[in-house]
Amino acid sequence: MVRATAEYGCVRFRMSHVPVLLARSLDALHPAPGEVYADGTAGLGGHAAAVATRMKTGTVVLGDLDAGNLGRAAAAVEAAFASAPEHPRSRILSFHTNFAELPRRIEEAGLRADMFLADLGFASVHVDDPARGFSFMRDGPLDMRMDTTRPLTAADLVASLPEKELARIIADYGEDRAAGRIARKLVQARAGGPIRTTAQLAGVVRAAVGGGGGPIDPATRTFQALRIAVNDELGSLAALLAAVEADARRILSGGAGRWLAAGARVAFITFHSLEDRPVKRVFASLIAAGATDITDGPAAASESEVRENPRARSAKLRAIRLTPN
Ligand SMILES: C[S@@+](CC[C@H](N)C(=O)[O-])C[C@H]1O[C@@H](n2cnc3c(N)ncnc32)[C@H](O)[C@@H]1O
């Protein structure tokens with residue numbers, strides 16, 4: 001049973017969790033028994049459980065900003081390892097942390113990852129649960145935090161940021177040409193009382209932009225922008241990519257990695273150009289330094305995968321292998 005919604009610029013369906021680009025990711029990561037797999041965005045554990053099933057035995061390191069998702073992912077990986085009980089020595093390590101911190105945690109655990117995956121963005125449970133405040137389809141508190149232990153919600157940003165900064169966020173992270181108008185309207189609206197719910201925010205944005213009438217709700221870009229700002233998504237990605245690049249250069253020049261193993265496969269799944277551009281840039285410079293481009297540029301979902309899993313429509317997988325020169 002599916003229910004169509006239109007959020008964050010693509011049509012979504014509420015359905016059981018389907019990991020994006022799963023077959024392509026497994027091909028790129030190429031799991032082997034006994035290896036170490038690190039997943040920076042464990043989510044519901046879809047990719048991680050499939051890797052564990054392929055490895056049969058090994059170590060899985062899970063990280064996620066969302067403690068609930070992390071628990072779900074660990075349970076999924078445990079079940080996957082349990083299906084190969086002849087290999088009892090598997091290990092699962094879970095870290096409730098930003099993926100920017102995961103390389104350090106892996107190093108502190110004395111591990112080097114043979115495979116690393118970051119499947120960026122939010123999880124289906126975030127949009128499906130109105131209480132998390134990611135959705136403008138159903139009203140809920142204006143929250144949008146992936147990590148609910150962090151102090152600042154989207155409502156706090158909308159209440160406190162100067163008009164100029166709101167406009168910058170909506171322009172830069174939402175790529176919305178109406179950013180100035182939306183920011184002005186938000187500042188006018190909040191003078192009349194706090195904007196506390198997703199429906200209130202969507203209403204103000206629609207009033208600023210006008211009806212539109214197109215398939216994409218005019219609030220889509222502002223919601224994406226605030227979500228990126230609340231969770232510092234691009235700052236975290238930049239820090240993670242810096243850690244990938246530093247270790248990759250050590251390995252490619254014949255040294256030892258601190259958290260990645262020689263021969264490691266490193267993969268990113270991105271959903272929009274603000275995420276894809278920095279991944280593409282760092283991977284291009286590592287490929288120039290000798291890394292192998294496993295996916296030969298970005299891999300996209302097939303038509304049949306998009307039909308089954310509409311979130312895959314905008315997904316791009318990039319993967320490299322760090323074989324020393
Ligand atoms: C698209 S889902 C991952 C789905 C997962 N691959 C699966 O198959 O179930 C993205 C997950 O990354 C988490 N996340 C987003 N940004 C993060 C960050 N900076 N650090 C750690 N986790 C993050 C979200 O909480 C969410 O659970």
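**Figure 1. Contacts of Ile 251 in the predicted model.** In this predicted model, Ile 251 touches Gly 257, Leu 260, Ala 262, Leu 322 and Pro 324, when residues up to four places away in sequence are not counted. Ile 251 belongs to helix H11, which covers residues 233-252. Is Ile 251 buried or exposed? A residue is classed as buried if 20 or more other C-beta atoms lie within 10 Å of its own; Ile 251 has 24 other C-beta atoms within 10 Å, and is therefore buried. The C-alpha atom of Ile 251 is separated by 28 Å from that of Thr 53, a residue 198 residues apart from it along the chain.

Figure 2. Helix H10 consists of residues 220-230. Why is helix H10 described as largely enclosed by the rest of the structure? The reason is that 11 of its 11 residues are buried. Among these buried residues are Phe 223, Leu 226, Ile 228 and Val 230, and also Arg 221, Gln 224 and Arg 227. Just after H10, Asp 232 adopts a positive phi of about 45°.

**Figure 3. The two assigned domains.** The domain assignment divides the protein chain into domain 1 (4-124 + 233-322) and domain 2 (148-230). Their C-alpha centres lie 31 Å apart.

**Figure 4. The largest nonpolar core.** The largest nonpolar core contains 96 residues, of which Ala 48, Leu 62, Val 77 and Ala 113 touch the most other members. Helix H3 (residues 67-82) gives the most to this core, contributing seven residues. Because domain 1 (4-124 + 233-322) and domain 2 (148-230) both supply residues to the core, it lies between them. In soluble globular proteins, nonpolar side chains tend to be buried together.

**Figure 5. The surroundings of Val 77.** Which residues are in contact with Val 77, leaving aside its neighbours within four places in sequence? They are Gly 45, Ala 48, Ala 49, Ala 52, Val 60, Leu 62 and Ile 92. Two of these contacts, Ala 48 and Leu 62, are named together with Val 77 among the residues that touch the most other members of the largest nonpolar core.

Note on methods. Residues numbered from 1 in each chain as written. Predicted model: local features only at pLDDT ≥ 70, side-chain atom pairs only at ≥ 80, totals over all residues. Domains from an automatic or database assignment. Buried ≥ 20, exposed ≤ 12 C-beta atoms within 10 Å, placed from the backbone. Helix = DSSP H or I, 4+ residues; strand = E, 2+ residues; numbered from the N terminus. Core = buried A, V, L, I, M, F, W, Y, C linked by C-beta atoms within 7 Å. Contact = placed C-beta atoms within 7 Å.
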